[in-house]
Amino acid sequence: MEASTTTAAAIVAGGRARRFGGQDKSRLVVEGRTIIVRQLEVLQQVADPVFVVGPDPARYADLGLTVHPDAVPDAGALGGIYTALLHATTDRVLVVACDLPFLHAGLLTRLIERSEAGDAAWARSDIQAQPLLACYRRDAHARIRSQIDAGHLRATDLAHTLDIVEIGPDEIVTYGPPERLLANLNTPADYARVQYGG
């Protein structure tokens with residue numbers, strides 16, 4: 001069975017992007033295209049449907065994407081993951097941050113495959129786990145909600161609650177340089193590095 005028949009994808013775009021003056025990071029242009037357009041081109045190869053977790057449906061009307069607001073306000077990335085799983089109708093859900101410009105279909109497919117061995121699979125850099133570059137089983141949403149209700153909002157702490165398979169740099173490198181594939185644009189300096197190598 002193809003991954004796309006059992007896997008949805010959610011682009012989590014609920015952050016306030018304070019360091020970008022509130023600008024929608026998904027619309028930053030990288031190598032000639034906005035991040036969200038780049039993401040859609042890759043996600044649609046491996047998942048169906050693709051939707052957005054975010055506050056403003058009108059913001060994505062031009063892309064024809066369904067938008068689900070956070071089910072639990074002010075729960076950060078963990079709330080975005082929870083909302084994605086809550087609204088999915090598939091067994092598994094790829095969950096990606098809206099500021100990852102270099103998604104790779106091969107790596108996403110690997111995350112989907114590896115998630116079958118547990119509750120989730122996520123990428124890990126040399127520094128930390130990447131809960132917003134991950135594939136979760138939909139039925140994990142109740143345990144995630146319990147974490148939120150208990151006030152435990154660090155998404156990386158899901159490793160204490162869920163059975164998570166990690167894909168580290170040694171495996172990621174088969175799809176390209178990990179520092180590129182895992183690059184996210186948290187700050188204007190990150191954006192400058194991606195744009196200009198600075």
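**Close-up 1. The side chains of histidine 68 and histidine 87 are joined by a polar contact of 3.3 Å in this predicted model.** A polar contact is a pair of N or O atoms within 3.5 Å; within protein, one atom must be able to donate a hydrogen and the other to accept it, and residues adjacent in sequence count only if both atoms are side-chain atoms. Histidine 68 belongs to strand E5 (residues 67–68); helices (H or I, at least four residues) and strands (E, at least two) are DSSP runs numbered from the N terminus. With a relative accessible area of 18%, histidine 68 is buried, a class defined as under 20% relative accessible area, with exposed meaning over 50% and partly exposed lying in between (1.4 Å probe, protein chains only). Leaving aside residues up to four places away in sequence, histidine 68 touches Phe51, Val52, Val53, Gly54, Thr83 and His87, where contact means heavy atoms within 4.5 Å.

Residues are numbered from 1 along each chain as its sequence is written, and side-chain values use heavy atoms, with hydrogens and water left out. Because the model is predicted, local features need pLDDT of at least 70 and side-chain atom pairs count only at pLDDT 80 or more, whereas totals for chains, interfaces and linings use all residues.

**Close-up 2. Strand E8 (residues 129–137) is largely enclosed by the rest of the structure, since eight of its nine residues are buried.** Strand E6 (residues 92–97) pairs with E8 in the antiparallel sense over five bridges; two strands pair if DSSP finds at least two bridges between them. Valine 96 has leucine 133 of E8 as its bridge partner. Strand E7 (residues 120–124) also runs antiparallel to E8, and five bridges join the two. Here the bridge partner of tryptophan 122 is alanine 134 in E8. A hairpin of four residues links E7 to E8.

**Close-up 3. Helix H3 (residues 105–115) has Ala105, Leu107, Leu108, Leu111, Ile112 and Ser115 as its buried residues.** These residues cover an arc of only 165° around the axis, which puts them on the same side of H3; the arc is that of the directions from the helix axis to the C-beta atoms.

**Close-up 4. Aspartate 163 lies in the loop between helix H4 (141–149) and strand E9 (164–167).** At 44% relative accessibility, aspartate 163 counts as partly exposed. Aspartate 163 and glycine 118 are 45 residues apart in sequence, with a C-alpha to C-alpha separation of 5.2 Å in space. Not counting residues up to four places away in sequence, aspartate 163 touches Ala117, Gly118, Asp119 and Ala120.
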